[in-house]
Amino acid sequence: MKIEIDEGSGFCFGVTTAIQKAEEKLAKDQLYCLGDIVHNGGEVERLNALGLRTIDHNTFATLKNAKVLLRAHGEPPQTYKTARENGIEIIDATCPVVLRLQDRIRKVYNEDPRPQIVIYGKRGHAEVIGLVGQTEGEAIVVESLEEAQAAPIDFQRDLCLFSQTTKSLTGFHALSEYFEQHIQPPARFRGNDTVCRQVANRQPHIEKFAAQHDVIVFVSGKKSSNGKVLYAACQQINPRSYMVDSPEAIEASWFDGANSVGICGATSTPKWLMESCRDRIHALVQTAQ
């Protein structure tokens with residue numbers, strides 16, 4: 001049976017940079033990370049074994065004169081303020097795409113008159129918390145068109161839409177169309193397509209990959225928003241798609257009658273984990289023969 005790992009899957013640029021910065025600092029000193037460095041339990045455990053200590057915001061507020069890495073998702077201004085007050089050295093691994101998005105939202109928030117700001121994103125997601133923080137908590141977060149239709153939006157006021165970098169282009173365009181149709185002149189609507197193309201372009205690639213194999217094993221952490229979107233794309237193309245967060249979750253029965261298996265993953269999935277899943281499938285198939 002042919003088993004292929006998708007060469008286009010694995011860490012995006014932002015995650016790769018964050019992990020490299022963590023490994024460089026850990027080689028010399030103790031390092032904390034504010035939140036999971038990546039939404040993948042296996043990779044978090046690997047870095048924890050190297051000495052990386054994952055902390056939450058409550059613990060962060062109590063630290064003094066420590067080194068803390070900010071992951072690719074980004075942070076609100078309050079985090080930087082706390083760091084200055086507590087003498088914390090920040091190793092900023094915020095993805096450049098997210099930094100530019102934060103800057104754009106901050107500039108719109110400071111406009112006079114200030115427009116309404118809507119963010120298409122997952123409520124409570126680390127990146128979205130950082131984006132809302134640029135507006136002192138005023139931005140409206142919507143996760144879907146249905147939420148937007150029920151949101152307290154005044155269509156007689158200027159409206160500005162932004163997107164979490166890992167959301168789907170389809171969802172963003174649906175929201176843009178809805179706001180464009182409902183805005184009441186002279187109020188203006190501005191749609192800012194801030195979906196990361198490195199992420200968005202993976203969906204058509206992964207759909208093509210899913211069509212080339214009898215079975216798809218999609219490897220992703222359970223917390224990964226990007227992983228959920230890409231897995232749904234796989235399932236739509238190939239019903240024999242299975243999502244796992246570890247090799248142990250793979251079941252031999254999935255491969256009955258299959259001639260080829262494709263292994264792919266999210267932008268937060270390390271290559272070593274996909275390789276471990278490949279080895280696990282090999283072992284299961286050999287045992288079954």
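1. Tyr178 has a relative accessibility of 12% and counts as buried, because the cut-off for buried is under 20%. The model is a predicted one. Tyr178 belongs to helix α8, which covers residues 169–182.

2. Tyr178 pairs with Phe155. Their ring centres are 6.0 Å apart, and the ring planes stand at 80 degrees, so the pair is edge-to-face. The partners come from distant parts of the chain, 23 residues apart. Phe155 sits in the loop between α7 (145–150) and β8. Phe155 is buried too, with a relative accessible area of 13%.

3. Phe155 has another ring partner, Phe179. This aromatic pair is tilted: the centres are separated by 6.2 Å and the planes by 45 degrees.

4. Across the whole structure, the search finds 7 aromatic pairs. The Phe155–Tyr178 pair is one of them.

5. Now the sheet. Four strands form an open sheet in the order β7-β6-β8-β9, and the pairing is parallel. At the edges lie β7 (140–142) and β9 (189–191), each of which pairs on one side only. On average, neighbouring strands are turned by 20 degrees against each other, with direction ignored.

6. How many bridges join β6 to β7? There are 3, and the two strands run parallel. Strand β6 spans residues 116–120. Ile119 has Val141 in β7 as its bridge partner. In general, strands of a sheet pair through backbone hydrogen bonds, either parallel or antiparallel.

7. Which helix lies across β6, β8 and β9? Helix α5, residues 96–109, does. Its direction is at about 170 degrees to β8, the strand made of residues 159–163.

8. The charged end of Arg114 sits over the ring of Tyr109, at 3.7 Å from the ring centre. Tyr109 falls within the residue range of helix α5, 96–109.

9. To check in the viewer: the edge-to-face rings of Phe155 and Tyr178, the tilted pair of Phe155 and Phe179, and the Arg114 charge over Tyr109.

Technical notes: Residues are numbered from 1 along each chain as its sequence is written. This is a predicted model: local features need pLDDT of at least 70, side-chain atom pairs count only at pLDDT 80 or more; totals for chains, interfaces and linings use all residues. Side-chain values use heavy atoms; hydrogens and water are left out. Two strands pair if DSSP finds at least two bridges between them. Axes are lines fitted to C-alpha atoms, for helices over the stretch in contact, and angles run from 0 to 180 degrees between N-to-C directions. Contact means heavy atoms within 4.5 Å. Rings of Phe, Tyr and Trp (its six-membered ring) pair if their centres lie within 6.5 Å; planes under 30 degrees apart count as stacked, over 60 as edge-to-face and the rest as tilted. Buried means under 20% relative accessible area, exposed over 50%, partly exposed in between (1.4 Å probe, protein chains only). A charge sits over a ring if NZ of Lys or CZ of Arg is within 6 Å of the ring centre and within 35 degrees of the ring normal.
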